[in-house]
Each structure stands twice: as C-alpha cells, then as structure tokens.
Amino acid sequence: EEGGEALGEEQRQPVVIVPNESGGVPPVEDVPDSVYEFTQRDLIMCLESNRRELEKTQRLVTQKIREKDLPQHAECTIRVRLSDGALLQARFAAREPVAALYRFVAGAMSDGVPEFELKTPPPVRLLARDSSETFKQLGMVPTGTVNLRWKDDSRLGKEAVVPSIDRAGSSQAQDTLA
C-alpha cells in the first residue's frame with residue numbers, strides 16, 4: 001500500500017496521559033447486585049443477537065465484500081507507553097508509515113534524551129525506525145499502543161517529554177482518568 005496523506009502538526013493533538021498517584025485504575029462506584037441478574041428480557045436479546053449473527057455467517061460472501069462491510073477509518077490514535085506508565089498520545093493518518101511515529105516521538109522528547117526504539121505489546125515486534133509499513137497494515141487502526149524502550153536502559157518517563165506537551169496533557173490526563 002502507498003503511504004497516505006500525513007496529518008499536520010495541529011491535527012496530531014499530542015497529549016501526555018499520566019497515571020494517578022496510586023498507580024492503579026480509579027475506583028469504580030459500587031453497583032447493586034440486581035444489575036448482574038439475568039432477566040427474561042436479557043435472554044430474548046441474546047437469542048435475537050445469536051439469530052442475527054447466524055444469518056450473517058450463513059450468507060456466502062467473498063472476502064472483498066466482507067472487507068467492504070467493515071468500517072473504514074482514515075485516522076488512528078496511537079499511544080506510546082513510557083517506562084513510568086505515562087502515555088504519549090497522538091493522532092495519525094491510517095496510511096502514514098511507522099517512520100512518522102518515530103519522528104513525532106523524537107520531536108516530543110527533550111534535548112539530550114537517549115536513543116529509543118518502539119516495540120509492539122506481545123507478541124513483541126520491533127518497529128523499524130525507517131519502516132514504510134502503515135498503521136493500517138500493522139492493525140493499529142483505529143487505535144494502537146506501542147512501548148518505548150530506551151537503548152541505554154534508562155528509566156526516563158514523562159520527564160523526558162517536552163514541557164509544552166506535558167502541560168497540555170496534565171489537565172486532560174486528570175479528566176481522562178477521573
């Protein structure tokens with residue numbers, strides 16, 4: 001596939017998402033046990049859903065038609081997990097090459113940070129810095145996450161990101177995780 005139209009810097013919407021101080025997921029409100037009870041209405045909905053799925057699978061269609069029925073996304077959101085758990089997030093065109101992600105991450109880092117590489121979550125795969133593979137080819141559309149690993153094994157986290165992006169993300173991070 002060809003490389004696609006790249007998004008402009010103003011369209012990337014970079015943000016740093018910082019985990020809360022306890023390091024875990026925010027607490028969830030308790031809900032009554034009645035929420036988890038399986039009712040007659042739930043059974044009817046399940047049976048209807050199963051019937052619709054069965055009808056879909058019994059139709060003989062070509063792979064090209066099945067792919068046409070899938071939603072097509074022109075953009076994707078990619079999150080880069082730093083060693084402290086913080087996430088550097090930005091938007092990319094689905095057909096942009098992985099090299100664009102490397103350029104974005106390098107531009108978001110402060111001067112003097114060590115070299116880094118980007119890897120997919122398990123099954124782990126090193127993403128080549130000069131790769132022409134697109135996010136769509138890698139299955140990262142509409143969203144994807146990669147892990148950043150410093151080549152010198154340092155443990156830099158959100159402090160490695162330039163302050164302008166960090167400040168923009170800090171207020172949004174609280175909204176995202178609250």
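This is a predicted model: local features need pLDDT of at least 70, side-chain atom pairs count only at pLDDT 80 or more; totals for chains, interfaces and linings use all residues.
Six strands form an open sheet with mixed pairing, and their order is S1-S3-S2-S6-S4-S5. At the edges lie strand S1, residues 15-17, and strand S5, residues 126-127, each of which pairs on one side only. The partner of S5 is strand S4, residues 116-119; the two run in the antiparallel sense and are joined over 2 bridges. Within this pairing, Lys 119 stands opposite Leu 126 in S5.

A helix accompanies this sheet. Helix H4, which covers residues 98-108, packs on the sheet and touches strand S2 (75-81), strand S3 (87-93), S4, S5 and strand S6 (143-150). The direction of H4 makes about 140° with that of S3.

I turn now to the aromatic residues. A pair of aromatic rings is described by the distance of the centres and the angle of the planes. Are Phe 92 and Phe 104 buried or exposed? Both are buried.

Phe 92 also takes part in a pair with Phe 135. Here the arrangement is tilted, with 5.1 Å from centre to centre and 45° between the planes. Phe 135 belongs to the loop between S5 and S6, and 43 residues separate it from Phe 92 in strand S3, so this pair, too, links distant parts of the chain. Phe 135 is buried, as is Phe 92. Taken together, Phe 92, Phe 104 and Phe 135 form one aromatic cluster.

Another ring has a charged neighbour. The charged end of Arg 129 sits over the ring of Phe 116, at 5.0 Å from the ring centre.

The relative accessible area of Glu 96 is 2%. Buried means under 20%, so Glu 96 is buried. Which side chain does Glu 96 contact? The side chain of Glu 96 is joined to that of Arg 12 by a polar contact of 3.0 Å.

Conventions. Residues are numbered from 1 along each chain as its sequence is written. Side-chain values use heavy atoms; hydrogens and water are left out. Two strands pair if DSSP finds at least two bridges between them. Helices (H or I, at least four residues) and strands (E, at least two) are DSSP runs, numbered from the N terminus. Contact means heavy atoms within 4.5 Å. Axes are lines fitted to C-alpha atoms, for helices over the stretch in contact, and angles run from 0 to 180 degrees between N-to-C directions. Buried means under 20% relative accessible area, exposed over 50%, partly exposed in between (1.4 Å probe, protein chains only). Rings of Phe, Tyr and Trp (its six-membered ring) pair if their centres lie within 6.5 Å; planes under 30 degrees apart count as stacked, over 60 as edge-to-face and the rest as tilted. A charge sits over a ring if NZ of Lys or CZ of Arg is within 6 Å of the ring centre and within 35 degrees of the ring normal. A polar contact is a pair of N or O atoms within 3.5 Å; within protein, one must be able to donate a hydrogen and the other to accept it, and residues adjacent in sequence count only if both atoms are side-chain atoms.
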